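This report looks at helix packing, aromatic contacts and the surface of one protein model. Please read it alongside the sequence and the coordinates.

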Amino acid sequence: GFFQFKSLVNRTAVNSFIFCRELIERRTELRHLFECCIEQLVMIDGFKSKITWAKWIEQFLERCRVEFRNSTYVNYKFTLAKWVNPEWNDRFIDEITQGDVHAMVHNPAMGVSSYRRLGILKALRRVFTTAVYDGLLDRNPAAGVKVKIAEVNQAVLNRSEIDVLLKDARS
């Protein structure tokens, strides 16, 4: 009865622990194998030019889905799909320059706020930084691009402004 159930629960817990440990070990082995494959492919002349933006974004988003919160993944997916992918899908990632990133972020036809431009730039920086870490790019083309944020129109007075206003009203 009870002791058989307790024994079964203990064996299940031990088996679950062993299974999780094996999964972690396999994941580590696969990550190492992937990194070795990338290093070997980078050594082959012309490998970098064979990866298009669409293929890299697919890999990047899958990695984001696993490593980051769901909200971060959805934000990157939406931002890239709406603003960047339509223009860059067929381009090779090593052919994208800092000027291209600047033109993408500061494109007046987009008609978006400076905060949206900053969000697009942050997503592009993360994509290119990951490509640099994976050895697909030598440098991040989004590194020197900046977006100026427009000043916010203040709707509410702060405490010192209220005091000055009250002083003027009393006198």
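Does phenylalanine 128 count as buried or exposed? With a relative accessibility of 1%, phenylalanine 128 counts as buried, where buried means under 20% relative accessible area, exposed over 50% and partly exposed in between (1.4 Å probe, protein chains only).

## Basis of the model

This is a predicted model, in which local features need pLDDT of at least 70 and side-chain atom pairs count only at pLDDT 80 or more, while totals for chains, interfaces and linings use all residues. Residues are numbered from 1 along each chain as its sequence is written, and side-chain values use heavy atoms, with hydrogens and water left out.

## Aromatic pairs

The structure holds 4 aromatic pairs; rings of Phe, Tyr and Trp (its six-membered ring) pair if their centres lie within 6.5 Å, and planes under 30 degrees apart count as stacked, over 60 as edge-to-face and the rest as tilted. One of them joins phenylalanine 60 and tyrosine 76, whose ring centres are 5.8 Å apart with the planes at 50°, so this pair is tilted. It links distant parts of the chain, since phenylalanine 60 belongs to helix α2 (residues 53–67) and tyrosine 76 to helix α3 (residues 70–88), 16 residues apart; helices are DSSP runs (H or I, at least four residues), numbered from the N terminus. Both phenylalanine 60 and tyrosine 76 are buried.

Tryptophan 88 and phenylalanine 128 form another tilted pair, at 6.3 Å centre to centre and 55° between the planes. Here tryptophan 88 in helix α3 is linked with phenylalanine 128 in helix α5, 40 residues apart. Tryptophan 88 is buried, with a relative accessible area of 3%, and ring pairs link Trp53, Trp88 and Phe128 into a cluster.

Helix α2 has 15 residues and spans 20 Å from its first C-alpha to its last, close to the 21 Å expected at 1.5 Å a residue, the expected span being 1.5 Å times one less than the number of residues. Its buried residues are Trp53, Trp56, Ile57, Phe60, Leu61 and Cys64. They cover an arc of only 130° around the axis, which puts them on the same side of α2; the arc is that of the directions from the helix axis to the C-beta atoms. The face turned away from this buried side carries the exposed residues Glu58 and Val66.

## A loop residue

Isoleucine 149 lies in the loop between α5 (114–133) and α6 (159–170). Isoleucine 149 is partly exposed, with a relative accessible area of 34%.

Terms used: Helices (H or I, at least four residues) and strands (E, at least two) are DSSP runs, numbered from the N terminus.
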